[in-house]
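Me: I am new to this structure and would like to know what stands behind the words used for it. Please take my questions one by one.

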Amino acid sequence: MSAEHITAPAPETAPGPARIPRRPRRGVARASYLQHGVWALDQFEGAGRNSTYTETVVVRFRGALSVPALDTALAGIVDRHEVLRSVLTTCDGVLQQVVHEVTDIPMTRHDLTGVADSERPGRLEALVAEESGVPFDLARGPLLAGSLIRTAEHEHVLVLNFHHAVFDGWSLGVFFDELSELYRSAVENTPSALPELDIQYGDFAEWQYHRLTDDVLRTEAEHWRRQLAGLPPLLNLPTDRPRPAVQSFRGSAHEFRLSADLSKRLRRLCRGERATLFMGLLASFQILLGHCSGQSDVPVGSVIAGRRRSELEPLIGYFANTVVLRGRLDADSSFSAFLRRTRQACLDAHEHQELPFERVVDELRPVRSLSHNPLFQAMFVLQNSSADELRLPGLEAELAPAPNSTAKFDLSLMMCDYPSGLEGEFQYSTDLFDPATIERLCQDFVTLLEAVVADPEQPVSALTGGLRPPHDRSGEVTVRGYRLDPAVIEPVLAAHADVHAVAVAPYQDPSGGEALVAYVEGAGPEGTPDPQALRAYATQRLADFLVPDLFVPLPRLPRTATGAVDRAALPSPAAAPGFRGDQGDQGDEGRWTATEQTIADIWAELLPVDDFDRDENFFDLGGHSFAAIRLTDRIAEELGRTIAPTSVFQAPTIAALAALVDRTGADGGSRSQLVELRAGGSGRPLVLVHPLGGNLLGYTRLADVLDADRPVYGVEAAGLDGTHVPAETLEEAAASYLKVLAELGDPAELVLGGWSMGGVIAFEMARRLYQDSGRAVPVLMLDSYAPTSVHGTFDDARLVAWFADDWGLSSGVDLELPAERLAGLSYPEQIALLHSRAVSVGLAGDDTDVAVVERLMNVFRAHVRALAAYRPDRAQPIPVTLFSADSATGEKVAQDRGWSAWTTGTVTVRVVPGDHYSILREPQLARLAESLTEVLGAR
């Protein structure tokens, strides 16, 4: 559960006599400004694909639960609140809420009483995780779903999932109040005591639209521009690992509890300063972050309820807004003085809370990066306990923690105020921090609070005296406002095959500008890699602010008598032999290479914009996976260089992609089917074989979030480039792919795997390796079905419908092409209809040739036939680990998907949340990666 706490002492009543009026047209309303924000994010990330903006509530009931009464109560809440029956659609360019007259909550029922006691907790955890990870389609709805799980005769678990477009933390208290009353009413068969609602969320949205005129919005924006001017670009917390180029949102949490005495003294201190508990905890958190980061300017995000008018308090809906609370630390100032400044900052934020956070970001235009959140990277929330608000007759109701393996920010402090004392949870990005680091941070926070209540008049600088210093980062430097440690950058660059050693250091040019320089010593007689190639390599693996500005090749790095790099002897970049000074911003069109210019021309054909520079990201500008396929086709046509579509994910800028193309030989249209998904690491290489569609695009995010100490490769199908014929049999494919793997050395030293059909091909490859060498190579199957699961013949209509389902579901959309709709059409007409549907849902661009779709269809057809005909001749001792999707659909099969019949080796089944397709998308992807990492760690 996450709930926001109002930063002001209490909500205000409506100013003046005028209350929010009811809108005359009840079935439709404008979307609120906050709904605009989540809708835009949903569209950007793929409609209906993302489950990040959801609220999950888990309640455990003990006692004789009346399921009909519970159903009646839930239906009554949905009936009372229009927003829970609403969807978001556009009409003539205006985003609207459309209210359905009746909406049934999609509720699934599970009975685990027949499951063995030892297995029941794991099964329950998987079901709760599955429900909490379900994405919503904002245009179709409903925007809430639930699951009721029976775990014992008198014990149930209710899981409810809401999209933030219709629900926020305050709504949870309203929901619990109404559930308690409506359940009582249903059980006792008496009328409900709940009063009629004066207004609905749609009324608020219409009122907000007329209230927030351009003048009001300009005034609010001007406040935030003044308040956040000169904000540091990043909260430079010391991390255990380099910040990745793209945050994976994988996270974990560390829970803690403050003693009743400390909680009481902290509340008393805040009251004495006319501050809320929120303000006192926020001030303490900002001092802690300032100590850890070495910064005196500490921005922290928080959530504000957004219900300044009393008539909004009984409503369910999305009112909560994110605000940035800036803490400016003065080492000589006392904690009490800093708390007073924090109080004023909170009150100011409360007065100017109506500008949506997305508009604040647009107004300030910070440097945007996929590696971190804009404006702030640490979040603080204080919530009040809602457990006492849920009182159902004859039942004990306990709010249980919702599963959370994600982290939206680098670090979040979530506090909850209970009568018995404060409880807290540090949520953190596992990309950046180890559990031990967060545990130390938590201990330091408690130490800081003890010092604060002991003497609030001591200087801020003295408060950190009892804290341990942050990580050793003695080698830290500051460049362009970012605090950096070269020690975290150097090993990433040194992992490049052509680099022997590297030293990273700051440099100030004659004009006073700051730069980060990488001095590189080559690994072989051929010298060092091209600087642009190194830049592309670094961009794929490091956050943008960690990528060096200049790469300086040196025959040898200067060293001391002990062999360490002599940093004092590093030359200025301009004085180094072989230095090229044109590595920085090459926005001047005259300095673009011919390859860059050609690629830019192709981008202009494919993207909805035609004004971009060489360092902008293809996908940020509107590119998508199908556009990446078209892009590589056009590169082959114009430049005679054939690269995999996956390469666009690895090198998404013109500069990086041009460097990659220039390194690729002119090979007459042929290319290796082996694609490097992620380089580096000393672990046993993982090779992932393509699924039915033949491409590797579904593996790119998986490779990013697996443990970094292992190289990951993909094997792409023949035929995608239009110059080769797909394999006719699965055995033929396996044999040819083993030849491809010779590029990596001994194939028996690899770990083979794949999703869907890819797991089956990997299995046949392992069988052939065993026949040739007698060595059993482990196979990791991502929800792959045994050969007998695919059978029968398929006409064109069924094949095209299957391809449409596979293509669409792999991308999180529905192409809505059932076989019945395709029957009676000729094959060219079927392909034309498929092309049209792909364009309409954004999987293909308007300029995409139908021939490209037909080429992909032909590869899919060949693979279906090969899979249907595959039967291993005899069982062999191939060890198989099957990652089985928990919510399998279609015909019922054994949990091992039938693999025990095809190998005499061990078949280990690990159940992961999600369905066949969603296991490769967030948030289920994080759970899959976690389980994969555990298995790979033993290899």
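Me: What is the order of the strands in the open sheet of 7 strands?
Reply: The model is a predicted one. In it, the order runs S20-S22-S21-S23-S24-S25-S26, and the pairing is mixed. From one strand to the next, the twist averages 25°.

Me: What makes S20 and S26 stand at the edges?
Reply: Strand S20 (674–678) and strand S26 (907–912) each have a single partner strand, so one side of each lacks a neighbour in the sheet.

Me: How do you know that S20 and S22 pair, and in which sense?
Reply: Pairing takes at least two bridges. S20 and strand S22 (residues 712–715) have 4 bridges, in the antiparallel sense, so the two count as paired. Leu674 stands opposite Val715 in S22.

Me: In which sense do S23 and S24 pair?
Reply: Strand S23 (residues 751–755) and strand S24 (residues 779–782) pair in the parallel sense, over 4 bridges. Here Gly753 has Leu780 of S24 opposite.

Me: Which strands does helix H21 touch where it packs on the sheet?
Reply: Helix H21 (residues 757–773) touches strand S21 (686–689), S23, S24 and strand S25 (880–885). The direction of H21 makes about 155° with that of S23.

Me: Why is S20 called largely enclosed?
Reply: Of the 5 residues of S20, 4 are buried, so the strand is largely enclosed by the rest of the structure.

Me: What makes helix H14 mostly covered?
Reply: In helix H14 (residues 531–541), 9 of the 11 residues are buried. Among them are Pro531, Leu534, Tyr537 and Arg541. The buried residues of H14 pack against helix H13 (486–494), strand S17 (499–508), strand S18 (514–522), strand S19 (550–554), helix H18 (654–663) and S20.

Me: Why are H7 and H8 called roughly perpendicular?
Reply: H7 and helix H8 (residues 277–293) pack at an angle of about 105°, with their axes 8 Å apart. The range for roughly perpendicular is 65 to 115 degrees, and therefore H7 and H8 are described in that way. Leu266, Arg267 and Cys270 of H7 make the contact with Leu277, Gly280 and Leu281 of H8. By class, this contact has 4 nonpolar, 1 polar and 1 charged residues.

Me: Is Ser263 buried or exposed?
Reply: Ser263 lies in helix H7 (residues 260–272). Buried means under 20% relative accessible area. The value for Ser263 is 0%, so this residue is buried. Leaving out residues up to four places away in sequence, Ser263 touches Leu258, Gly421 and Leu422.

Me: Why does Gly914 count as buried?
Reply: The relative accessibility of Gly914 is 2%, and with the cut-off at under 20% this residue is therefore buried. Gly914 is in the loop between S26 and helix H26 (924–936). The C-alpha atoms of Gly914 and Leu925 are separated by 8.8 Å, and the two residues are 11 residues apart along the chain.

Me: How many disulfides are there?
Reply: The count is 0. A disulfide would need a pair of cysteine sulfur atoms within 2.5 Å.

Me: Are Cys270 and Cys292 buried or exposed?
Reply: Cys270 has a relative accessible area of 1% and is buried. Cys292 is buried too, at 9%.

Methods: Residues numbered from 1 in each chain as written. Predicted model: local features only at pLDDT ≥ 70, side-chain atom pairs only at ≥ 80, totals over all residues. Heavy atoms only, no water. Axes fitted to C-alpha atoms, helices over the stretch in contact; angles between N-to-C directions. Contact = heavy atoms within 4.5 Å. Buried < 20%, exposed > 50% of the residue type's maximum accessible area, 1.4 Å probe, protein only. Parallel < 35°, antiparallel > 145°, perpendicular 65-115°, else oblique. Nonpolar A, V, L, I, M, F, W, Y, C, P; charged D, E, K, R; others polar.
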